[in-house]
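Look at the chain as a whole, then at one pair of helices.

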Amino acid sequence: MVIQDTELDSRFGDSDQDSTGKIFRFYAGVPLITSKGFAVGSMCILDYQPRQFSVQQVGQLIDLAALALVQIEHRLATGKLDHITGLHNRTQLVEDIEDLDKSESGHPRSLMVMELIDHGELQDISRLMGVKTLEIFFQQIARRIAELTSDYRVRLYYVGVSRFAVLFDHAGRTDTVVHANQLILEVQQYLRSKDVVIVGGIHGGFKRIARGESGDDVIRHAFAALYEAKLHHRLLFDFNSEIDERQHRINSLIREIPLAVSEDQFSLVYQPKYNARLKKFTGVEALLRWNHPKWGFIPPSEFVPLAEATRMIQDITTWVLSNALAQLRLWKVEGHSLTVAVNVSSKNLEQPNFVDYLRSILEGNEISPASLHIECTENAVLTGGMTKGVLREIQALGCSVSLDDFGSGYCNLACLPELPAELLKIDRSLIVDIENDTRANLLIQSIISMGHAMGYRVLAEGVESKGIFDILIGMGCDAIQGYFLGKPMPPEEVIKYISNFDYESLR
C-alpha cells in the first residue's frame with residue numbers, strides 16, 4: 001500500500017505521528033505474512049514530506065520485505081519468535097541476555113517480567129472471551145508496549161501466556177526502575193481505557209543483571225520477584241538475595257516431598273476433640289508434621305500449599321489416611337473407641353476412585369466408616385467442580401464430612417442448605433475475641449444457632465482459654481478443640497492424656 005500524501009487520505013489523521021509529535025506525510029508498506037498465514041507485521045517506509053514512489057521502488061520494498069520475512073520464518077522455525085504476538089520468545093531472551101553479557105559496552109542492564117492476568121484467572125477469561133479474542137487482545141498489548149517503549153533502549157519478549165519481558169539497557173540504576181514502574185502503570189492505564197478489567201491486577205518482577213549470570217538464572221530471579229509482587233500485592237518487586245533464598249527453599253521442598261513420603265520423614269500428631277454432649281473426648285484430628293533432615297520442623301502451612309499446587313497432595317493424603325487408620329486400628333485392638341478426622345483437599349476429592357480407595361483402606365484396617373471423619377475447607381467444596389458429588393459418595397459410604405475453617409473463606413448463607421457435610425468447624429479467627437467483643441460473640445451465637453437449625457453439628461477450633469470454652473458451652477456448641485483442652489500430641493500419649501484428663505475442671 002502506497003499513500004503519497006496522508007493528508008489526502010481519510011485513513012490517516014493526527015494520530016499518525018512520531019514520539020516528538022511530527023506528522024508522517026508519506027507511507028509505503030508491505031504486509032509480512034508467514035507461509036502458515038500469520039500476519040506478523042509490515043515492512044514500511046515513512047517520511048515527513050509527501051513524495052512519489054516509483055514502480056521500481058515498490059519492487060525494491062517488496063524484495064526487502066521478502067528478505068525480512070525469510071529471517072522471521074527462520075526464527076519461527078528455530079522456535080525464537082512467538083506466533084501470536086510476533087515478539088521474540090523466552091529462548092531468544094536467554095540468548096540475548098548471554099550475548100549482551102559478552103559485549104564490551106559495560107552498560108548496566110536489567111530485566112522486567114510483567115504478568116497481565118494471573119494463570120488462575122486466565123482459564124475463566126479464555127472461556128468467556130474465546131481463544132481467538134484473547135490472542136487478539138495480547139497482540140494489541142504487544143503493539144502498545146512497543147509504542148510505550150519506543151524511546152527506551154529495550155528489547156521486548158513474550159515469555160508465556162499473558163507474560164511479557166522487557167530487557168533494559170540503561171546507564172542509570174534508578175532510571176531503569178523508574179522506567180519499569182512507569183511502563184506497568186501505562187499498560188495498566190491502557191487496559192482501563194479499553195474497559196478491560198483484570199481481577200488480580202498487573203504485577204512485575206525486576207532483576208538487575210550482573211556480569212556472568214546465565215540467561216536462565218536471570219529469568220528465574222525475575223519470575224521470583226514477580227511472585228513476590230503478587231504475594232505482597234505490589235505493582236513491581238525488585239529482586240534481592242532473600243527472595244532467592246526463599247525461592248531456593250521452596251524449590252527444594254517441592255523436590256523433596258516425594259522423598260519425605262517414601263522415607264517416613266512425615267509423622268502424625270493427634271489433637272483431642274471434646275464432645276460437649278457426652279462431656280468427654282470422643283475423637284482426635286490427625287495433623288501432619290515434617291521433620292526435615294536439614295531444616296528441621298517445617299510447618300504444614302508452608303509445605304501443604306506447595307503439595308496442593310503440584311498434586312503431590314494426593315500421595316501425602318494417601319500416606320496420612322494409611323497411617324491414621326492403622327493407628328485407629330491399634331487403639332481399637334487395645335479397647336479404645338475413637339474417631340479420627342483427616343484433612344483432604346479438592347485435588348484429593350477429584351482423584352479417580354478416591355471413594356473406592358477409602359472403602360478398601362477402611363476394610364483393610366477393619367475400621368467402621370463412621371469412625372473416619374473427612375475434613376475439607378469450604379473453599380475446596382465450593383470451588384471444586386467434582387467435590388460435592390464425591391463428598392456425597394463419602395457420606396453414603398458411612399463416613400462423616402466436616403467443613404473446616406468455616407467462616408474464613410467463600411461460604412455464604414445461600415450455600416449452607418446444599419453443603420454435603422454434617423459438621424461445621426468454626427475457624428479460630430472468629431473465636432479468639434468472643435470474650436471481649438460483643439459483635440464477635442453475637443456472630444458465633446448466630447452461626448451455632450443457624451447451624452443447628454439447618455441440621456449441622458458445630459465444632460469450635462482454636463479454643464485457648466476456659467473463658468472462651470465456657471462461653472461456647474453456654475451457646476450450645478457441640479464440640480470444642482484447642483490448646484486449652486489439649487495440644488497436638490504423639491499417638492503414644494493420646495490414650496494416657498484422654499484417660500487422665502480432669503473433666504471436673506471443665507464444670
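The text below moves from the overall chain to a helix pair.

This is a predicted model, in which local features need pLDDT of at least 70, side-chain atom pairs count only at pLDDT 80 or more, and totals for chains, interfaces and linings use all residues. Residues are numbered from 1 along each chain as its sequence is written, and side-chain values use heavy atoms, with hydrogens and water left out.

**The chain**

The protein chain has 17 helices and 17 strands. These are DSSP runs, numbered from the N terminus: helices are H or I with at least four residues, strands are E with at least two. Its C-alpha trace spans about 100 × 45 × 45 Å along the principal axes. The radius of gyration, taken over C-alpha atoms, is compared with a globule rule of 2.2 Å times the number of residues to the power 0.38.

| Case | Radius of gyration |
|---|---|
| Protein chain | 31 Å |

Buried residues make up 45% of the 507 residues; buried means under 20% relative accessible area (1.4 Å probe, protein chains only).

**Helices α7 and α8**

Helix α7 covers residues 241–262, and helix α8 covers residues 300–310. Their axes come within 10 Å and cross at roughly 65 degrees. Therefore α7 is roughly perpendicular to α8, a term for angles of 65 to 115 degrees. Axes are lines fitted to C-alpha atoms over the stretch in contact, and angles run from 0 to 180 degrees between N-to-C directions.

Which residues of α7 and α8 meet? Arg249, Ile250, Leu253, Ile254 and Ile257 in α7 meet Glu302, Phe303, Leu306, Ala307 and Thr310 in α8. Contact means heavy atoms within 4.5 Å.

Terms used. Angles under 35 degrees count as roughly parallel, over 145 as roughly antiparallel, 65 to 115 as roughly perpendicular and the rest as oblique. Buried means under 20% relative accessible area, exposed over 50%, partly exposed in between (1.4 Å probe, protein chains only).
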